[in-house]
Amino acid sequence: MRGDEMTQNITSHREFERELWRLFFTVRCVGLTTLGVISITPFVDIDPIVTLVLLLVGLPVNLLLRGRVELVQPHPWAVVLSDSFLLSLGILVDPNTAAAAAVLLMASTSVAATAGWRPTVAAALAGSPLIAAALALRSVDDAVIIMATYLSTALGMAYFVSVIAISERHERQRRDELLDGIDAVVWEAHPYPFVEAEVSGRVDDLLGMSISDVAGPGAWLRRLPAFDRSTVVNRSQTLIDMGEDHELVYRLTAADGSLRHVRDRVRVETDAEGRPTTARGIVTDITEEVRVRESNRNLAELVERVPVGLVVAQAEHVDGDTIFTTLSVNPAYEGLTGLDATALVGNSVAGPPKGPGWVDVRRVLLEVDETGAPARIEEAGDLCEGGDRTLSLEAFPISGLLIGMNVVDVTERVTTAARLRHQALHDALTGLPNRTLLEDRLRHALEAAARDHRSVGLLMLDLNQFKDVNDTLGHDEGDRLLRTVAHRIQGVVRAVDTVARLGGDEFAVLLTDDASPRRTLRAAERVLECFEEPMEVDGMSLQTGASLGVALYPDHGDTADALRKNADIAMYVAKRRGGGIAVFDPERDRPNLQRLTLVTELREAITEDRLAIRYQPAISLATGRVESVEALVRWNHPERGLMNPGEFIDLAEVSGLIRPLTRWVLHRAIHDTAQLNAIGHAVGVSINVSVRNLYEPVLVDSVRSLTENAGLPGERLTIELTETQVMDDPLLAHNVLGRLGEFGVRSAVDDFGTGHSSLSNLQSLPVSEVKIDKSFVQGMAAGDEAASTIVRSIVSLAHNLGLEVVAEGVETNEALTKLALLGCDRAHGYFFAKPMAYDDLCSYLDDPSLSPSPETAPVRDLS
């Protein structure tokens with residue numbers, strides 16, 4: 001027993017004894033008062049002096065002791081001795097009180113015996129000589145009989161009462177120990193009503209409080225939450241009034257503010273008329289039980305609602321066979337089988353499959369039954385007639401012969417995965433295998449060919465004039481043409497061959513079965529022949545041709561990369577011839593290999609950000625300040641060093657890389673210029689684009705997005721097109737440049753004077769400036785009168801049309817002076833500075849007199 005529980009028990013026992021002593025002294029006070037009243041009646045012959053002594057001495061003393069019993073608890077033997085002394089005095093005063101004194105002393109001895117018979121008997125024997133002496137002195141009749149009767153009766157009653165008291169004490173102690181041994185709180189309402197209940201037991205474990213905290217009137221009820229209190233009290237009160245045993249479940253507020261769920265089992269004792277006399281309750285903590293029950297309820301609801309079929313089956317081994325009987329299922333499993341629980345529970349959950357399309361449930365359950373480990377299968381099949389699903393079944397042991405199984409309909413996931421896998425390996429436009437799938441099939445074909453000593457043929461095909469179709473009729477028509485081409489090629493090759501679209505207008509055909517040189521060349525001819533008939537696209541008859549390159553394993557390469565690269569080279573040969581078929585020739589195609597390698601390296605340089613921008617300042621001839629810069633792309637080739645645009649721009653145009661290359665330049669130059677403006681250099685930037693970029697539907701939106709994201713005003717960006725490019729498709733140029741101008745982007749005609757247009761042609765275009773080609777500027781500086789006349793005419797007419805004029809290639813002071821006299825607006829060239837990196841440009845703009853590299857010259861004073 002713990003210390004605090006022992007303290008509570010001792011306190012309870014002492015309180016019980018104090019109650020007995022209070023009762024004892026109360027009875028004595030009542031007896032003395034009664035004796036005083038009787039003594040004045042004519043029916044009793046008692047000396048008034050005796051009555052007076054008893055009332056004046058005995059009554060105040062007993063009242064005082066009753067009131068002080070909380071502080072001073074009298075000893076039983078002391079009470080017996082004092083009573084013996086007082087009663088001896090009474091006998092001496094009036095012998096007639098002898099019999100009454102003996103009776104009173106017996107009563108006192110009986111009460112004292114509740115504390116133990118030995119000290120009580122000793123006190124009675126010690127006090128008896130006083131009484132005997134008093135009887136002898138007053139010569140009381142029958143003194144011997146009175147003494148004998150008193151002693152025998154008093155001693156017998158003392159022993160009997162002490163035995164009863166000890167038994168009661170032991171019973172109370174056993175009850176206290178029993179209460180301490182159970183994890184409960186016990187209350188007892190006696191007398192009724194129960195609001196005055198006595199509480200004992202594990203109050204500290206239940207509520208974190210001591211018994212004294214809940215012992216006062218109504219203290220226990222105050223632990224009920226206010227919302228629950230009236231309901232619980234009214235129900236319990238009603239049942240107790242009816243004398244019915246009952247059970248209540250309610251909540252109590254613990255000392256820390258938490259709520260504890262309790263079960264209160266109440267027994268009601270009634271009298272003969274059925275009225276309740278005592279109510280006793282045992283309160284147990286069921287908080288954990290409630291939590292578990294709530295958890296189980298949530299779990300059960302989850303099982304009912306989860307969209308996964310759940311089954312519990314029992315395995316039974318009969319005559320060497322195993323039978324699986326369904327014990328329980330959830331609604332999701334009912335939905336998968338098309339049957340309700342009443343038809344499933346108690347029947348076999350796993351009979352043999354009924355035929356094709358049925359999932360073999362028995363197989364997965366048998367595996368669990370035999371191995372004791374979880375098992376899983378996923379297969380196309382169903383659990384009901386006519387189903388067409390893919391199911392995933394996972395079974396697992398539970399306990400004994402019980403096996404659990406969950407069934408999930410994974411049809412959508414499997415279908416989605418198959419669709420995504422198909423999308424990843426096929427071209428979205430034509431449905432043909434894409435480059436990834438072709439690479440995989442080519443690699444496997446070469447492995448099989450090496451093992452079986454067979455040949456593999458690879459055809460690379462590119463459409464002729466497809467860009468013209470795209471640019472003229474639009475991308476929608478171009479896409480329809482590509483789908484028609486794909487269909488035709490598939491129609492002239494075998495089913496075992498692979499036709500793939502690699503991107504754009506490029507296709508490939510992989511020949512794996514008996515791909516001898518003759519058969520491969522014949523297959524290439526059939527592919528080429530399918531282009532002889534015009535393609536019907538939306539009612540239009542389109543004539544297009546193709547260029548085919550052929551490479552064979554092992555003659556032209558023994559790896560997938562080599563074979564593909566050599567087929568590409570042969571295709572470029574055929575393209576330069578104007579179409580047809582070309583078979584790879586190592587001697588003839590060596591330069592083409594270098595060119596193709598350069599294309600591959602340029603593509604990688606764009607993707608891996610290995611290009612660079614150089615900026616050449618353009619100077620205002622009126623102020624001498626830098627108003628803009630021209631962005632010029634460079635390629636830092638790992639072997640050839642820094643390459644100028646003239647060394648790779650044509651290659652980018654032919655290979656189709658000009659579009660991603662232009663996008664890269666736009667992104668980097670706009671970002672750098674925005675940074676310059678942010679640090680206080682208010683300059684614009686001019687960027688050259690190809691006419692091929694004008695055919696991109698997203699060009700305008702891309703430029704708008706780049707400028708907005710970088711925070712560069714549109715008027716700080718100038719898009720340059722060469723004169724020849726503008727005149728090739730003036731309608732397209734007008735449309736694209738006009739849309740760019742809507743958000744402030746300027747436009748310029750580069751290399752003006754080298755084409756076949758006139759300034760009057762520019763009047764209808766939304767251009768902001770013209771750039772005089774450097775050949776005329778340098779000719780003028782060298783004294784060429786014709787060149788001087790052309791420059792003068794361009795400046796004059798451009799200004800008349802409201803256009804600004806920029807001179808290119810200014811390398812001498814003489815050229816600068818003449819341009820200034822003619823009224824040219826801006827100029828750039830080596831005379832001011834060579835193209836420079838971004839960091840050098842920042843230094844140059846901070847102080848133009850500082851040359852950022854040995855190749856630059858300071859700006860001259862033009863005032």
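**Notes on strands, sheet and helices**

1. P617 stands opposite V629 in β19. Nine bridges join strand β18 (residues 611–620) to β19 (residues 626–637), and these two strands run antiparallel; strands are DSSP runs of E of at least two residues and helices are runs of H or I of at least four, numbered from the N terminus, while two strands pair if DSSP finds at least two bridges between them.

2. This is a predicted model, in which local features need pLDDT of at least 70 and side-chain atom pairs count only at pLDDT 80 or more, whereas totals for chains, interfaces and linings use all residues. Residues are numbered from 1 along each chain as its sequence is written, and side-chain values use heavy atoms, with hydrogens and water left out.

3. The hairpin of β18 and β19 has five residues between the strands, and G624 takes a positive phi near 75° there. β18 also has two bridges to strand β26 (residues 826–827), again in an antiparallel arrangement, with S620 opposite R826. Nine of the ten residues of β18 are buried (under 20% relative accessible area, with exposed over 50% and partly exposed in between, using a 1.4 Å probe and protein chains only).

4. Elsewhere, an open sheet of five strands has the order β12-β13-β11-β16-β17, with mixed pairing. β12 (498–503) and β17 (580–583) each have a single partner strand and stand at the edges, so one side of each is left without a neighbour in the sheet. Within this order, β11 (residues 456–463) and β16 (residues 546–553) are joined by eight bridges in the antiparallel sense, and V456 stands opposite Y553 in β16.

5. Helix α16 (residues 475–492) lies across β11, β12 and β13 (506–511), and runs at about 15° to β13; axes here are lines fitted to C-alpha atoms, for helices over the stretch in contact, and angles run from 0 to 180 degrees between N-to-C directions.

6. Helix α21 (residues 658–678) packs with helix α30 (residues 838–846) at an angle of about 30°, their axes being 12 Å apart. On the α21 side the contact (heavy atoms within 4.5 Å) is made by D672, Q675 and L676, and on the α30 side by Y838, L841, C842 and L845.
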